[in-house]
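Please look over the sequence and the model first.

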Amino acid sequence: QYIQRLHPNKAHGFDCISIRMLKLCDDSITKPLSIIFKNCINEGYFPSAWKKGNITPIHKKDDKKLIENYRPISILPICGKLLERIIFNTLYNFLETNNVLDVNQSGFRSDDSCTNQLLAITHKTFLSFNANLSQEIRGVSLDIS
């Protein structure tokens with residue numbers, strides 16, 4: 001199911017295993033990959049080859065001659081991305097199902113956003129201004145992006 005959800009035109013890592021190739025081999029590759037992934041999880045091991053990336057500089061803004069106006073894009077092997085996605089989904093579902101995450105946690109949550117976080121902080125700040133004068137109010141600087 002994870003392989004079929006991959007976008008076939010995405011770039012592949014240095015190992016040259018493309019998403020198109022994985023999709024073509026889907027039925028025959030699923031079982032071996034599943035065994036490899038289970039072994040990785042059971043052993044607590046992530047293959048170092050899946051950590052190697054092709055780094056490409058992408059221009060952000062302004063003068064193209066200045067290096068600080070570029071950001072790196074790391075293109076990693078697809079199999080490593082698949083294992084990361086499986087681990088993420090399993091862990092995230094566990095955290096959500098068991099209400100482990102605080103309701104104020106906005107980052108990396110579905111149906112939440114920086115806008116919701118900013119609105120909640122602004123609302124709490126205004127409530128504090130209108131509250132009892134003896135209540136202490138503190139300021140916090142945030143970098144939300």
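Helices here are DSSP runs of H or I with at least four residues, numbered from the N terminus. The model is predicted.

**The second largest pocket**

Start with α4, which spans residues 78-97. It gives the largest share of the lining of the second largest pocket, 7 residues. The lining has 14 residues in total.

The space in the pocket is about 280 Å³.

Cys16 is not a glycine, yet its phi is positive. Asn99 is likewise a non-glycine residue with a positive phi. The table sets out the values for both.

| Residue | Phi | Loop | Relative accessible area |
|---|---|---|---|
| Cys16 | about 65° | between α1 and α2 (19-24) | 52% |
| Asn99 | about 50° | between α4 and α5 (114-130) | 66% |

Are these residues buried or exposed? The cut-off for exposed is over 50% relative accessible area. Cys16 has 52%, so Cys16 counts as exposed. Asn99 has 66%, so Asn99 is exposed too.

Cys16 lies in the loop between α1 and α2, and Asn99 in the loop between α4 and α5.

Notes
Residues are numbered from 1 along each chain as its sequence is written. This is a predicted model: local features need pLDDT of at least 70, side-chain atom pairs count only at pLDDT 80 or more; totals for chains, interfaces and linings use all residues. Side-chain values use heavy atoms; hydrogens and water are left out. On a 1 Å grid over the protein atoms alone, a cavity is a set of points where a 1.4 Å probe fits but cannot get out, and a pocket is an open set with protein on both sides within 12 Å along at least five of seven lines; lining residues have an atom within 4 Å of a point. Grid points are joined across faces, edges and corners, and a volume is the space filled by probe spheres set on the points. Helices (H or I, at least four residues) and strands (E, at least two) are DSSP runs, numbered from the N terminus. Buried means under 20% relative accessible area, exposed over 50%, partly exposed in between (1.4 Å probe, protein chains only).
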